[in-house]
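Biologist: I have this model open and would like a hand reading it. Could we go through it feature by feature?

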Amino acid sequence: MSKLFPLLAPGLVAIATPSFADEPLKTYRNFTGFTGLINTTNTEALESGSVDIGYNNMLDYSGNEYVDGHNIIFSAGVFDGLEVSGLIAAHTMHDNMFDPVIYAEKQIRDLSFNLKYQIPFIPKDWFTIAVGSKDIGGAANRYKTHFAVASKEWADFRFSAGIAKSDHETGLLNGAFGGIEWMPLDWFALQVEYDAEAVNAAARVVVPKEWLYDIGELTLTSRFYSSSDFAANDTYWGVNFKTSLYTKYQPVSAGVKAAPVYANNSNKSSRPEPLKKTTVLQSNQTELASIKASHVSSLDRTELNKLARALRDILIEDGFESVRVGFTAQPLIMVSLENASFNNNEIDALGLAAGRVAEVFSGTSAKFILELQNHGISMVSLSGDVALYEQFIKENVDPGVYVKVGGMQQPRGITWVGLESSNQRFLKPRVTLSPEVNSTHATEFGVLDYSLAIKADVNLPLWKGAGFNVSAQTLVSESDDFKEKKIFDDLSEDNGVRNAFFYQTYQLPWGFYNQTKVGFFREFHKYTGIINETAWVSPNGSHKFTNTYGYFDYQDYDSNRDFHTIDYQYYWAERDVSIHITGGKFWRKDSGFKVETRFWFGDSYIALFGEDTNAQVAGVAVSIPLSKRKNMNVTKFGQVKGNSSWRHQVGTRIGESHNNLVYQQAYQPRLPVSINETFLNRGRSSVDYINSNLPRLRDAYITYK
C-alpha cells in the first residue's frame, strides 16, 4: 500500500479543487501503445478517423527491465470507441541481428498489435469502461497483456483504475493499477500512475495544431520520475503527432433536414434568391434574367435552348468532359457528362453538376436527370426536381433525389444542344504521380528497410471503355538491405517501365461488367500476359462479386504462372464500412483467403485485415489521397494529378511460435486500372452511399461554384 499513497494523495487534493474546465479533457498516448498515461491506460480511445504516430525511448526489454531503446507506435481510431495500434520495439534501428556479435547481445526487435474498446451504453456522466489486449495473437509473444479499466472525469482531472494480467517479470500491468491526470491548460498535463509495480510521473506539453498550419497536433512527453526497481534510468522521453483523416464535409451522420411543404413556385416572391453566377453565366446574365423574369414556371423552346446552352458551357468550364445537355417540353433537363477532375470521389462531380443545373434553371418548374459516365459507360444517375434541389442547397433540406446505378432511360422528344463530339475525353493523356514503396518492418535486419521510387502512370483513353496505360518509375532512395546483392535486392524497386497494357471494359446486362487487360507486366520479373475481370454489381450497388484471372509468360525463359481469385465486397453505407473477402490462388502461388474491413473517413480509410494462405497474418493498412479534392482540369495536352488512393500496410505473423518474415502473401498485381478502382469509385458507386452522403453533394457545389 505504501506505493499507492503517492498516487492517491494528489487525488485527495483534486477533490477540493474547483472546476474551470468547459471542454472535454484531452487524451494522450502512453509509452506502450494505447491512449493513456505512461505505462497504464485509461478508457479513452483515439477519435474516429484520427491517427497518431509516436516515438519514445523507454524500451521494455522482453518484460524483464526498462532500457534506453526505440518504440515506434502507430495508432488509429477506426470507429467510436475502438482504437488499434501497432508497436515496434527495438534495441537498435539498423543492427543485423544475425551478426554473431549482435546476436550475443540478445537484442530484441518485435512488432506487436494492440486493441482497446470502450464499452458503449454507459452514461458518460457516470464513468466509462474499456477492455483491451496487447500483442494479440503474436508469434514469439513478448508483451501479451489483457486489461479492464474504468475512468471518471471531474473538473480538470481524469481518474482511472483497472486490473490487468500479463507475463512481465517486472510485474508491469499484472494486477491492480491506477492513475490520475491533471490538465489545467489545453497545452499542459501532469500524470501520476501506479502500474502494478511502480509509481511513475510524467509531464506533457502540446504544440497546438494552429501552430502547425492545422495539419495536426504535436505532443512532447517527459517521464521524469519512477520508483521502479527495473529501470536503467528514471527519465525517458517521447513525441507524438496526431492528425485526422476527416475533412469538414465528411461525417455521414450529418444528414439533412426534412423538406418543408414547398410553396408554388409560380409565385415569384417565394423563389430562392439566385445563386452566385460563374464566369460563363455572368456573360449572359442579363439575357438569362429576362428569360426567368417573364417565364417563372414555364419556358418556351427558344428559352429552354438558351438555358441548356448556358448550362453546357459552364459544365465544360468546370472541367467536365463529353458534356451533353438536352431538354424536353415538360421541361425535363437531361445531362450526361464525364468527371475528369474530382478524382478522389465522383460524388463531388455529381454534387457540382447537380448544383449547376439548379443554378441555371433556378425558379423554373424543371425536373432533371444527371448521368455520370466513365470512359463513355454510364455508371450512376441522379434525378430530381430543380426547385427542391435548389432549396436543398440553400437550406440543407431533403432534396428528394432518386439515385440509380447505371444510366437512366432517356425520355422521348429530347432536344440536344451543342455538338455531341465536342469536348470528348479520348486521346487526352492523364498522368498520375505517386510514390511506390516496398518495405519490411521490425525484421532481424532493421526496424525499417525500404525501397522508394516515384511512379508515373500515363493513361490514354482511346474509345468507349478502352484505353492504353503505361507506367514508368525512377528509384529515389532505398536502405542498405535493398541495395544490390543485399538481402532484399530481389524486392527492390527498379528504374524503367513497370507495365504497359491495353484495356477494354464492357458494361453488360443485369449488372455485369467485364474488363480485359493485355500487355507487358513487371512484377519484379518481366512478363507478357492477360488479366480478365468479370464483376457483378447488385442493383443498388452495395454488393459486388468479382472473378479475376491472370495468365503470364516469362519473357526471359520458358515458363509461366497464373492466378485466379474470387472477391466479394459489401459496402455498409450507414457506417461507411466496406467488407472484402477474397479467396483463391494468388500471385505467389499461395492459396487461401484474405478478409479485410475498411473503415472509411471521407476518401481515406483504415483497414484491418487477416490472411490465411502459407501463414496466418494480421495487420493494418492506411489509404489516403495524395491529391487535392479537385485536380486541374484536362487541357488539350492532358492532365497531371496525384494518386487518389495511395496505400501502405503492415502485417505480422500470428498463431505460431516464431515470427519469420512473410512477404507479399495473398498478393495480386498492383495495376492502376481496374473495374473497382477506375469505374466503380473504389467500390462506392451505390445508391445507399450517395443517399448517406447528401451533405457532400451540397458541399461540393458550395465549395467549387
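Biologist: In what order do the 12 strands close into a barrel, and is the pairing parallel or antiparallel?

Modeller: Some ground rules first. This is a predicted model, where local features need pLDDT of at least 70 and side-chain atom pairs count only at pLDDT 80 or more, while totals for chains, interfaces and linings use all residues. Residues are numbered from 1 along each chain as its sequence is written, and side-chain values use heavy atoms, with hydrogens and water left out. Strands (E, at least two residues) and helices (H or I, at least four) are DSSP runs, numbered from the N terminus. Two strands pair if DSSP finds at least two bridges between them. Here the barrel order is 1-2-3-4-5-6-7-8-9-10-11-12, with antiparallel pairing. From one strand to the next, the twist averages 20 degrees.

Biologist: How many bridges join strand 1 to strand 2?

Modeller: There are 10, between residues 50-61 and residues 65-79. Look at D60, for instance: its bridge partner in strand 2 is Y66.

Biologist: And what is the strand order in the open sheet?

Modeller: That sheet has 6 strands, ordered 17-16-15-14-13-18, with mixed pairing. Strand 17 (402-405) and strand 18 (415-417) are the edges, each pairing on one side only. Inside, strand 14 (residues 332-338) and strand 15 (residues 367-374) run parallel, joined by 7 bridges. S336 has E371 as its bridge partner in strand 15.

Biologist: Which strands does helix 6 touch?

Modeller: Contact means heavy atoms within 4.5 Å. Helix 6 packs on the sheet against strand 14, strand 15 and strand 16 (377-385). Angles run from 0 to 180 degrees between N-to-C directions, with axes fitted as lines to C-alpha atoms, for helices over the stretch in contact. The direction of helix 6 makes about 150 degrees with that of strand 15.

Biologist: At what angle do helix 5 and helix 6 pack?

Modeller: About 145 degrees, with their axes 10 Å apart. Helix 5 contributes L307, L311, I314 and L315 to the contact, and helix 6 contributes A353, R356, V357, E359 and V360.
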